[in-house]
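Dear colleague,

I am handing over the structure we spoke about, and I would ask you to keep it open while you read. My notes on what was found in it follow below.

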Amino acid sequence: MQHDGAVAVIVVDNPPVNALKHEVRAGMLENFTKAAEDKSVEAIVLTGAGRTFMAGADITEFGKPMKPPGLSEVIAAIEKIQKPTIAAVHGTPLGGGLEVTLACHFRVAAPGTRLGLPEIKLGIIPGAGGTQLLPRLVGVEKSLAMILSGDPIPAKDALAVGLVDEIIEGDLVKGAVAFAKKVIAEKRPLKHVRDLDEKIAPFRSHPDKFNEAAANVAKKSRGLEAPLAAIEAVRAAVTMPVDDGLKRERELFVKLVGGEQSKAQRYIFFAEREAAKIPDMPAGLRPREVTRAAVIGAGTMGGGISMSFANAGIPVTVIETNEEALKRGFDTIQKNYQISVQRGALKQEEADKRFSLLKGATSMEAAKDADIVIEAVFEEMEIKKQVFGALDKLAKPRAVLATNTSYLNVDQIAQITKRPKEVLGTHFFSPANVMKLLEIVRGKETAPDVLATAMAVGRKIGKVPVVVGVCHGFVGNRMLSPRQNQAERLLLEGALPRDVDAAAVEFGFPMGPFAMSDLAGIDVGWRIRKALGTRNEIADQLADMGRYGQKTGRGFYIYEKGSRSPINDPEVEEIIGAASKRLGIPRRQIDKKEIVERLIFPMINEGAKILDEGIAYRASDIDVIWVYGYGWPIWRGGPMYYADHVGLAYVRDQLAHYAKVSGNKSLDPSPLLTRLAAENGSFASFGAKKSAA
Ligand code: CAA
């Protein structure tokens, strides 16, 4: 605690993010109590040292017995203080950090601060008054939006809704002390957030508003428990006296934090951060500076990738073979920005600013100033090689050369150049401006600082980058392939597309494998299989008939014009029935449990092979890939986490059983799965051992 005249300044200092661990809570309680009792102190400022004000509870303490004082106790003590208390925030005051500020009478913020309640992303709700106090301060609708999205809001929005009282330019603590002195001099009435009622009163007579919100959330939450609990807690803020509401919030919080969903979501939080760590990088390695990018190709992928750079404020040159293709690409980008503006997600001036960072060109020469070049042309080796041959001649000496490929061998592409060290793969997911996952494919010769640069750029453009090794389909698509094979095999053995899709959706995926094929285009896999000389019985027959999925109005399902809702098609059922007959496969009733296990366990088996081969550094990287790239339900923690959870011996035995039932050798348990299951081991411990090595 420091003193500036009659103002006491309490500084929380717990790097890196001032998480509210036990010592921080105890220190706050002690210092607030001291300052409250000290007659020479007339006001108290609370601030955080380092890069941010408190970014919330210490997540590593969850699931363990809480050492007193609890955060609610600290908050209750602050609320009782009868001298002005001012939270001076910067960086990311989040979760419990924001809740502490709600116990203060005033809040001031540095420009650039982002304030939020991200608990929902960890499978919990705010547990120290957030759901009760925020609605009283900023209103019910704004609170629901913040609590349900978990996304922070910028300081200027916080000022507009009354979450902060002033934005302080310049030195934050000096400004906060000056603010405190003004409050003392003006004898401003002290605002106790818990006593406010004006913004929640109108909702008391409108319980239907909550029911509407709950129904909407239930539809979107795909099995998540926390969003519904959050609505329930905010409803309590409106319908109950504040202390009862706080009790209700606590009950809901305690139940969630001890549950399996939050455990899985916390695992993913740390898995995402672990993925940023590459085991064999030289110490002190610095990424190269990237101030300009070039993207070759303005198609769906190239356009989305270019937008990702522009969105992060990095100027990007988009290169196409001719003006017409370039115009088509730019029109789509413009349209995408307009949709965001219309939806209210982006201000027009921000959209214009981003669009202005995109420059078009029809000559490869235009890539010569770029620090990173991402090739996003057609997925064909020969075309990619031509592009890299040309890039090798004109790109600047230390430019990072990346190929956006979903399957192709990055080493072969690198070998066409005289600088294979500068080459790697960047596998973006469609739509590339939206999807968070970025697989970074490390080639045999990729230089460590080139890899570090790609990781840093990935994070800068808002992605979750995960390093993977070279193999057909890398991690995500390689694991998708056995799932898709089994989905098709289930059709031949007796299921229908709607049975398989319904089981996948019930498990928690946003859509089933056949609805996904229809969305992505059945022709994509068909072309790849043609090139490989393999064939899928049903999918390829549909593609032969020109049934490519949504884009042709017919695929595994029928789509009415302008609609994305799948309708069952008796013709497809006939095709499936005929195929079973032709192949001599007896049709039988297949239950949901078998469908789910036949879809999921072969993926896990492939994941085990990927780990064994060192294509992924750790099991948690595979989980991050599936959660961020393929809609794996986050509350189930990813396929490898799920496998550890249900038990590796069970997964092994079921795979062996299904291999027998369906006469399908590809289902045989992999050596690593077999070994770990026999040792009573887990993928988590295998991955940890590998990354420590
Ligand atoms: N608890 C424990 N560790 C945390 C943490 C937390 N709340 N927040 C971040 N960390 C750790 C990270 O794991 C990371 O550790 P390593 O360097 O060892 O990997 C380190 O702090 C830095 O974090 P980032 O790499 O994420 O740094 P960043 O600058 O990119 O992001 C951040 C900073 C925005 C604060 C981000 O870390 C974040 O979103 N943290 C979580 C915030 C959160 O969810 N808070 C709510 C907690 S729940 C709660 O508060 C409940 C309640 O009601 C009491």
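This is a predicted model: local features need pLDDT of at least 70, side-chain atom pairs count only at pLDDT 80 or more; totals for chains, interfaces and linings use all residues.

Residues are numbered from 1 along each chain as its sequence is written, and side-chain values use heavy atoms, with hydrogens and water left out.

Although R194 and L102 are 92 residues apart along the chain, their C-alpha atoms are separated by 8.5 Å. If we leave aside its neighbours within four places in sequence, R194 is in contact with E79, L133, R136, V242, D243 and L246, where contact means heavy atoms within 4.5 Å. With E79, the side chain of R194 also makes a polar contact of 3.4 Å. A polar contact is a pair of N or O atoms within 3.5 Å; within protein, one must be able to donate a hydrogen and the other to accept it, and residues adjacent in sequence count only if both atoms are side-chain atoms.

Turning to the ligand, which residues come nearest to it? Of the 27 residues around the ligand, these are R51, A57, G96, E99 and R273, a residue being near if one of its heavy atoms lies within 4 Å. A polar backbone atom of A57 is 2.7 Å from a nitrogen atom of the ligand, and a backbone N or O atom of A55 lies 2.9 Å from a nitrogen atom of the ligand. The shell around the ligand, sorted by class, has 16 nonpolar, 5 polar and 6 charged residues; Ala, Val, Leu, Ile, Met, Phe, Trp, Tyr, Cys and Pro count as nonpolar, Asp, Glu, Lys and Arg as charged, and the others, Gly among them, as polar. The largest share of this shell, 3 residues, comes from α12.

Some details of the backbone also deserve a look. Most residues other than glycine have a negative phi, and most peptide bonds are trans. The peptide bond from P68 to P69, however, is cis, with omega near 0 degrees, and P69 is found in the loop between β3 (43–48) and α2 (71–79). The bond from S430 to P431 is cis as well, with omega near -5 degrees, and P431 has its place in the loop between β14 (423–428) and β15 (437–442). F474, a residue other than glycine, has a positive phi, near 50 degrees, and lies in the loop between β16 (464–469) and α19 (476–493).

With best wishes

Conventions:
Helices (H or I, at least four residues) and strands (E, at least two) are DSSP runs, numbered from the N terminus.
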